[in-house]
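Welcome, and please take a look at the structure below before reading on. The notes that follow walk through it one topic at a time.

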Amino acid sequence: MVTKKASPIFASKEDSNFREALKLYDAKQYKKALKLVEGNLKKHSHHAESLALKGCITFHIGAKQDAEPYILKAVEKEPTNYLVNHLAGLYYRSVEDYHKAAKWLKAANDNGSPNKPILRDLSFMQSQIRDYKNLKESRQLYLEHQPGYRANWTGLAVAQHLNKEYHAAVSTLDKIENIIKEHLTDADMYEQSECVLYKHQILSEAGDYERALKALENDKDSIKDMLSYMEYKAKYLLLLGQKKEASLIYRELLKRNPDNISYYPLLETALDTTSKPEELRLKLYEKLGRYYPRSDPPKFIPLTFLSSEGDLFAKKARDYIIPQLLRGVPATFVNVKPLYLNPKKSQVIEEIVLDFYQHDLPKLENPTVAVWTEYFLAQHYLYKNDLDSADKHIDLALEHTPTLVELYIVKARIIKHRGDYVKASEVMDEGRKLDLQDRFINSKTTKYLLRANKVNEAIDCISLFTKLDEDAINGCKDLHTMQVSWVLVESAEAYTRLYHEYQAKLNELRNCEAEENEELTQELLENIETYRGLALKRFTSIVKLYKIFYNDQYDFHSYCMRRGTPRDYIDTLRWEDKIHSTPIYTRALKGLSELYFELYSESLNDNEESSQEVKIKKTNKKQKKAKAQMNKKKTEFIARVESEKEDADPLGAKLLHDLQNSDVIEALFELFKSLIEEGKDLELTWKVLFKVYLIQGKYVLALQAVKNLNKVLNPYGEKKLREIGSRVVELATTSKNDDKANAAIVKVVEKGLHSAFPEFEQLSTDEFLELYNQ
Amino acid sequence: MGRDIVALDDLTVNNVGTFQKINEVVLPSRYDAAWYQEAVTPGQITKLAFYAEIPVGAIKARAFNNTHKISSLESLLRFQLPSKNIPNAIYIESFAVLEKYRGLGIGSKLLNYVIEETKSRFIHEIYIHVHVDNKEAIEWYLKKGFVKKDEVIKDYYKSLEIPNPDAYIMTLAV
């Protein structure tokens with residue numbers, strides 16, 4: 001940090017005190033620094049620089065929540081003081097508020113700070129918040145300050161690339177390549193290769209293939225990653241229509257890795273065979289199969305294009321499946337499963353395997369073939385949802401070889417499809433016990449136990465594979481540390497089911513018994529509280545995890561430039577840009593939205609709520625001894641479900657309580673905000689947002705949501721879905737019946753509904769709903 | 001490739017469940033948890049047999065002194081070696097191969113393992129109880145060179161409540 005000249009407020013002594021304090025702060029001597037700063041503030045309590053520094057120090061050694069007021073005060077006093085700006089920037093970076101950090105770091109630079117590394121820090125913030133426009137500027141300025149490092153050039157090129165200024169990016173990379181060419185040492189060669197390939201990535205994204213191809217040939221010597229080189233080259237040639245040359249390279253690539261299934265269709269494109277008769281295509285693959293007899297794709301791909309009607313398919317399918325059964329390949333069914341999308345092919349395969357089963361199998365000596373065939377058939381019938389036949393075959397297999405773990409997995413799946421989750425988990429566990437070190441079946445068992453709502457057993461099961469801290473009962477904490485998101489989301493869902501179960505029991509009890517059984521009611525109420533809190537807590541832990549995933553990219557904004565891995569860096573950024581639409585996260589959000597909506601409807605129903613709370617207190621006072629016993633049980637239970645060491649809120653009770661006392665719907669909106677862009681193709685996004693907007697009275701947005709939902713569910717616009725129809729009507733009635741709503745807005749919504757769903761204007765509501773009933 | 005399709009492997013804490021499964025499916029006798037626990041302690045004469053990498057057979061034996069009479073299956077489960085008596089025989093406690101995998105040399109391989117273990121302990125006799133009605137097993141043991149003793153242990157398998165709960169003793173000199 002660079003200190004500023006004396007500010008007018010202070011005489012030289014205080015000023016030197018402040019400078020000294022800054023130095024101490026940089027050296028992490030927080031206590032000493034704080035002493036000096038407090039001395040200054042005693043004399044002049046409004047000294048902005050000292051206030052800002054005090055905020056930063058307080059963040060590090062004091063109570064974290066006390067820090068921000070100092071920062072706010074400081075920037076309010078002197079919003080144009082670059083030292084204050086810089087300190088504010090550092091503070092917000094520490095609390096991971098990158099938007100504010102970027103704002104203040106930019107202000108520090110704009111207000112004339114001579115400290116150039118601010119620009120570098122600023123560029124990290126801007127990358128983190130995806131402010132690409134300003135990112136380019138700060139990378140550019142920093143490069144001008146420090147042109148001697150390749151990383152800074154790469155950084156600028158990346159910024160230009162992200163702004164889609166492909167030519168500028170390429171020319172930046174070209175420039176540094178020319179400068180550096182003479183000075184490269186052996187140690188730089190990898191970075192050189194990566195940067196050159198990065199240039200090609202940009203060129204191909206820009207679509208200038210001719211130039212890209214030429215550049216690729218020029219740079220051939222500096223490229224170490226020959227696989228990428230060849231893939232780029234083949235791609236360019238193909239796109240430029242030089243198919244013959246492209247096909248040669250694809251053949252070369254196949255020689256390197258004949259198991260890469262993606263090369264085969266590309267080779268076919270290059271050879272122009274995709275629209276040729278299937279016999280000809282088959283010949284191609286037969287020839288490739290002779291070259292690469294151990295590879296699967298040349299044998300499998302023909303099955304995808306051969307017509308299910310012809311004998312060729314049957315013959316080839318037989319040649320594919322039977323040797324695998326004879327060899328005892330466990331994955332035989334999984335290998336052919338993609339073909340099942342075509343029911344006729346699945347029929348042909350069934351005939352082939354049954355024929356083998358009936359005629360060839362009895363003659364064979366090796367007993368394992370019989371098991372694997374039964375196993376195949378069981379999976380086949382399970383896929384077709386013919387559970388009785390599936391059961392028949394899996395039972396025969398289990399009788400034949402009861403020691404084969406795979407069989408138990410399929411048996412459990414069949415039972416699961418029948419809806420008996422408890423039995424399914426027991427069968428899975430039986431298989432697991434055969435081989436405790438089989439991690440796959442351990443995970444499967446854990447999942448099935450969770451589906452059966454046996455959360456404790458499930459966690460104990462997977463704890464065989466977690467790190468156990470001293471005196472930890474189970475691996476629950478480690479599952480959080482290791483970010484095992486599937487276990488977390490499954491347990492959250494299990495807790496939700498448990499809580500709904502207890503709620504249903506409570507309602508039943510209240511409905512059918514005239515005299516309330518206090519003890520039982522009390523127990524049910526407590527269980528409802530506990531499991532609801534836990535469900536909320538587990539779902540929220542997923543949201544936290546993804547926040548960590550997102551924040552973790554921070555280090556790469558500098559690291560990847562220095563290591564010279566811009567291609568992977570770009571991939572990382574693009575992946576991070578859509579992590580909120582990934583399956584686990586959206587599952588957690590779905591669970592949360594249901595919980596939040598429930599909380600919302602309860603809050604509308606306040607009276608009932610308060611009566612419940614009173615009851616809890618009353619019974620609690622009653623029996624002290626029972627309470628003590630229960631407390632002990634509770635402590636044990638808490639030890640099982642703690643998510644971190646000394647978890648302040650192990651049961652999520654505080655989380656739940658805070659939520660009940662806040663605007664639940666607004667909180668839900670905050671959760672779904674990132675999905676508006678990232679999850680715009682998801683049904684969940686618009687269903688939840690529609691409901692949120694409707695409750696909030698934001699009818700225009702609700703209109704947009706229902707239109708988007710229609711787009712997702714009904715991409716070709718030919719269907720009249722009930723889910724859409726009912727929402728259209730709901731929106732129209734709610735907005736019309738809302739006295740507080742702006743009349744103009746209601747009109748806009750009505751117009752919008754009419755133009756998007758013309759039948760809504762033409763027909764009566766009942767007729768409309770009748771039409772929209774798919 | 002080139003590996004024998006039949007292979008033996010050690011019994012461990014992790015696959016003892018497989019051992020138990022094989023015994024339960026094949027043998028009428030039931031062994032308790034303590035017995036299975038003991039089976040995975042070091043120095044035991046136990047092996048699992050695999051066919052094409054699938055576990056299909058298992059054997060467990062122990063050294064004992066044959067002056068000690070074993071009158072029933074329960075006493076087998078409970079018996080402790082009298083410390084004064086130096087072991088002079090190897091007793092096969094459980095020996096099973098899944099039905100569909102018989103006649104493939106799996107049993108022989110397991111038995112050979114026990115014979116080798118016996119020799120390495122300088123013991124010259126292997127000793128086993130067989131249910132009197134289990135013709136298949138008796139024939140197999142005879143084929144392997146076992147000798148059937150004349151005496152019949154009455155009610156050896158009484159606890160299993162099967163008809164004819166008597167047992168033969170068969171021995172093999174090595």
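## Terms and ground rules

Buried here means under 20% relative accessible area, exposed means over 50%, and partly exposed is what lies in between (1.4 Å probe, protein chains only). By that rule Asn85(A) counts as buried, because its relative accessibility is 0%.

This is a predicted model, in which local features need pLDDT of at least 70 and side-chain atom pairs count only at pLDDT 80 or more, while totals for chains, interfaces and linings use all residues. Residues are numbered from 1 along each chain as its sequence is written, chains are lettered from A and ligands numbered from 1 in the order in which they are written, and side-chain values use heavy atoms, with hydrogens and water left out.

## Chain A as a whole

Chain A holds 42 helices and zero strands (helices, H or I, of at least four residues and strands, E, of at least two are DSSP runs, numbered from the N terminus). Its C-alpha atoms fill a box of roughly 105 × 90 × 70 Å along the principal axes. Of the 774 residues in chain A, 48% are buried. Taking contacts (heavy atoms within 4.5 Å) in chain A between residues at least 6 apart in sequence, 62% join residues at least 24 apart.

Asn85(A) sits in helix 5 (residues 82–94) of chain A; leaving aside neighbours within four places in sequence, its contacts are Pro79(A), Thr80(A), Trp104(A), Ala107(A), Ala108(A) and Asn111(A). Leu248(A), in helix 14 (residues 243–256) of chain A, counts as partly exposed because its relative accessibility is 47%. The C-alpha atoms of Leu248(A) and Leu267(A) are separated by 8.6 Å, with the two residues 19 apart along the chain.

The size of an interface is often given as the accessible area lost when the parts come together. Chain A and chain B bury about 1,400 Å² between them, 65% of it on carbon and sulfur atoms (buried area is the accessible area, with a 1.4 Å probe, that two parts lose on being put together, summed over both). Each side is counted in residues: 17 from chain A and 17 from chain B.

How many salt bridges are counted between chain A and chain B? The count is one, where a salt bridge is a side-chain nitrogen of Lys or Arg within 4 Å of a carboxyl oxygen of Asp or Glu. The pair is Lys21(B) and Glu430(A), whose closest N and O atoms are 2.6 Å apart. Helix 21 gives the most, with four residues. Lys21(B) itself belongs to helix 1 (residues 16–26) of chain B and counts as buried, because its relative accessibility is 14%. Beyond neighbours within four places in sequence, Lys21(B) is in contact with Pro402(A), Thr403(A), Tyr408(A), Glu430(A) and Leu434(A).

## Salt bridges within the chains

Over all chains the count comes to 54 salt bridges. One of them joins Asp577(A) and Arg130(A), at 2.7 Å from N to O. Asp577(A) lies in the loop between helix 31 (566–576) and helix 32 (583–603) of chain A, and Arg130(A) in the loop between helix 7 (117–128) and helix 8 (132–145) of chain A, so the pair ties together parts 447 residues apart in sequence. Asp577(A) is partly exposed at 32% relative accessible area, whereas Arg130(A) is buried at 17%.

Arg587(A) and Glu493(A) also pair, with their closest N and O atoms 2.9 Å apart. This pair links helix 32 and helix 28 (residues 485–512) of chain A, 94 residues apart. In chain B, Glu38(B) forms a salt bridge with Arg62(B), at 3.4 Å between the closest N and O atoms. A network of salt bridges links Asp388(A), Asp391(A), Asp395(A), Lys411(A) and Arg418(A).

## Two asparagines with positive phi

Most residues other than glycine have a negative phi. Asn385(A) has a positive phi, near 60 degrees, and is found in the loop between helix 21 and helix 22 (387–400) of chain A. Asn164(B) also has a positive phi, about 55 degrees, and its place is in the loop between strand 6 (147–153) and strand 7 (167–173) of chain B.
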